[in-house]
Amino acid sequence: MTTTTSPDATTSPDTTTGPDTAVTAVGSDPPAASAAAARPSAPVPTATAPAPWPDLVSAALLGTERRRPPVAVRAGQSAAAALLDAAAVSTVRRRAALRPAPAGERPAPAPADPRPPLPPAARRRLSLLLADRGGGGGGGSRRGTAPDLTELLPQWLAAADGYGYRAPDALLPALLDAARARTDLRPAALALAGPRALWLARLNDAWRFALRGSGGAAALRGDDDAESVRRRWEEGLFAERVALLTALRRRDPREGLELLRTTWATERAEDRLMFLDSLREGLSAPDEPFLEEALSDRSRNVRATAAELLSALPGSALAARMARRARTCVGLDRTAGAAVIAVEAPHECDAGMLRDGVAPTPPSGRGERAWWLGQLVEATPLEGWRARFEGRDPVAIVALPVADDWRTELHDAWCRAAVRQRDAKWARALLGAPAAPAQAAEVAPAGSSRDLTKLLTVLPEEERARWVAEFIAAHGLSDAFRMLGVCAVPWAEPLGRAVVDALDIARDAGSYPWSFSGVMGLAERCLDPAAADRLDMLTAVTDEPEGASPGSGGYWSEAFLRLVGTLRLRATMRAELAPPPSPGDESRGAR
């Protein structure tokens, strides 16, 4: 665009000159210029009302000497320069998809993040992982041998957080976008992004989720004193308050409880429920008086949550009340000679049971008495059953026969109690031997609500991996997918070997690999990368057995190639995150 003006153009807005002084894009007037010139000049916009884009275009086509530009002209500035400045600002607004508006207050500078930056190779890797977020799903259903970077991003983030790095500033928007799209990424992504991500989130509504945080270190700043915490608690957004309370409970459970007490009476019922749930962090005996008070809350959901938390404290008064009720329903019967567990379920749900969190109405398909019995047993301290059953340990109690078809209901309630109370002895007894012939049927007995996967989470990591490995060796992969998901990563060597052996057996049977897509995807993310070289032999195309699915050998080779390639990529990614050795380390290594 070229602009030509007369000396008095800024003081004579109505002056009309010849065509040689017009503002044009191509050096001559367009056909519509004469008609546009006949229109009266547009009002000069104020600072709070930027000129519409069509008015700027008209002024540019006609020239600033023919028509006064619809912009404010600063002292010492020509009308043409003011028009070009306004066009540039409007262009930026249009490209940013922002409506014209008065300039807002300049935001405070972003806070400093003192953590070390990522090594250069790890920074490039993060950029690639974020760029590949739109990739396809994982597992054996994918074609090709390329690793699925989308599924490796959570593991990379967790590893980077473990080293204490901070994310590069330039990648924070992409990291926040990834966390917005995938809730499973949020804790690790926000930890890596640090305080600058929260600063950005306050400027972009699309990232407001980050202000909810995850109750991690970002929710509590190093310079927070008691007054600062109290002010943030009283003035913050609800999500920020939940994150603050969770973080405070992790640091000092008693301090978190006292903070909650200060505003408990004035909170809304739905907010009280979320705040009460935050007390799971650091739950201990000092929380009992507050939870007992919450049993009388106006909200049924708050009362139920308070009862659940109290039942997780084996020494609580509520647990003792539930135990007394349960002992009247469950006991030993020797009338037939051999010891048998006799069950007499409650005949009513009285006011005391209601106050202690027993839900009176069963779900569809459940009987009332069985429903009430299950809740009583679930909330009873497991250690108390030893005395009720004449000193027997959990294994012996679980082995006792149960009269009148109450076994499934009783064992299901004990399973839920073991998970709630984190009792490994009872979890071990209820799980039984993984290779037992009857175990396959016990995974999901008819009418059962038990969840063996939750029971496994109660066991120590090493024992859990060993149990699942033995289960797979005895029963295959069909019921093992969820169990594998709760095992520590990378999988222990016995578990990894059991999974690979089971996949190899499936290949020899002639099935397609996508029948095991979920397990194959888990193997790519969870097997120890050190196993890659040992698995190379599985990448060859084998002869298909008689009756095999057509082409299955080639598909299995492709799946195993992807598995080995992913394991090697994970090893490379881990090496990229390792900080470079200091000069002192190198000199010591040379000696």
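## Charges over rings

Arg-186 lies over the face of Phe-209, at 4.3 Å from the ring centre. A charge sits over a ring if NZ of Lys or CZ of Arg is within 6 Å of the ring centre and within 35 degrees of the ring normal. Arg-241 places its charged end over the ring of Trp-233, 4.2 Å from the centre.

The model is predicted: local features need pLDDT of at least 70, side-chain atom pairs count only at pLDDT 80 or more, and totals for chains, interfaces and linings use all residues. Residues are numbered from 1 along each chain as its sequence is written, and side-chain values use heavy atoms, leaving out hydrogens and water.

## Aromatic pairs

The structure holds 14 aromatic pairs. Rings of Phe, Tyr and Trp (its six-membered ring) pair if their centres lie within 6.5 Å; planes under 30 degrees apart count as stacked, over 60 as edge-to-face and the rest as tilted.

Trp-385 and Trp-414 are edge-to-face, because their planes stand at 75°, with ring centres 5.8 Å apart. Trp-385 is in helix 19 and Trp-414 in helix 21, 29 residues apart. Trp-414 is buried at 0% relative accessibility (buried means under 20% relative accessible area, with a 1.4 Å probe and protein chains only). Ring pairs link Trp-385, Phe-389, Trp-414 and Trp-426 into a cluster.

## Helix contact

Helix 21 (residues 407–421) packs with helix 22 (residues 424–431) at about 145°, with axes 9 Å apart. Axes are lines fitted to C-alpha atoms over the stretch in contact, and angles run from 0 to 180 degrees between N-to-C directions. Helices are DSSP runs (H or I, at least four residues), numbered from the N terminus.

Terms used. Helices (H or I, at least four residues) and strands (E, at least two) are DSSP runs, numbered from the N terminus. Buried means under 20% relative accessible area, exposed over 50%, partly exposed in between (1.4 Å probe, protein chains only).
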